[in-house]
Amino acid sequence: PTCSEKQAPGFVEHHTAILAKGVDSIACLSVNDPFVMGVFAKKLEAVDKITFLADGDAEFTKELGIETNTGGFGGIRARRGVFVVKNGEFTKVNLEESTGYEGHSSAELVLGQL
């Protein structure tokens with residue numbers, strides 16, 4: 001619920017403002033299957049605003065070094081965060097300190113950093 005109720009809605013709400021800052025696209029990565037990601041996109045009414053990327057086996061998440069083990073809650077997951085990528089280079093990385101949400105990866109914060 002944290003993603004769908006706290007973090008992702010800000011990116012839907014501020015989608016136009018973020019793109020106006022020169023961002024080409026907004027993507028959401030999750031250790032999940034593509035069917036769940038499709039439902040997530042529809043629930044947020046973000047199908048035409050955000051690209052939802054499924055990392056079913058957490059391979060990409062592990063390559064980025066952002067995996068966290070939530071044990072019986074969900075196993076290996078991706079840490080919540082925001083990455084700004086320009087010409088293939090990470091120019092900004094904002095990761096939450098815990099599995100919760102403190103706002104380090106909010107749309108509002110990244111919008112102010114662009």
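Mentor: Two strands pair if DSSP finds at least two bridges between them; strands are DSSP runs of E, at least two residues long, and helices are runs of H or I, at least four long, all numbered from the N terminus. This is a predicted model, where local features need pLDDT of at least 70, side-chain atom pairs count only at pLDDT 80 or more, and totals for chains, interfaces and linings use all residues. Residues are numbered from 1 along each chain as its sequence is written, and side-chain values use heavy atoms, leaving out hydrogens and water.

Trainee: What makes strand E1 and strand E2 a pair?
Mentor: Four bridges join E1 (residues 27-30) to E2 (residues 51-54), and the rule asks for at least two, so they pair. The two strands run parallel, and Ser30 stands opposite Ala54 in E2.

Trainee: Why is the crossover from E1 through H3 to E2 called right-handed?
Mentor: With the strands pointing away from the viewer, a path from the first strand over the helix to the second that runs clockwise is right-handed. The β-α-β crossover through H3 is assigned that hand.

Trainee: How do you know that the span of H1 is close to the one expected?
Mentor: The expected span is 1.5 Å times one less than the number of residues. H1 (residues 2-13) has twelve residues and reaches 16 Å from its first C-alpha to its last, against 16 Å expected.

Trainee: Which residues of H1 are called buried?
Mentor: Ser4, Gln7, Ala8, Gly10, Phe11 and Val12; buried means under 20% relative accessible area (1.4 Å probe, protein chains only), with exposed over 50% and partly exposed in between.
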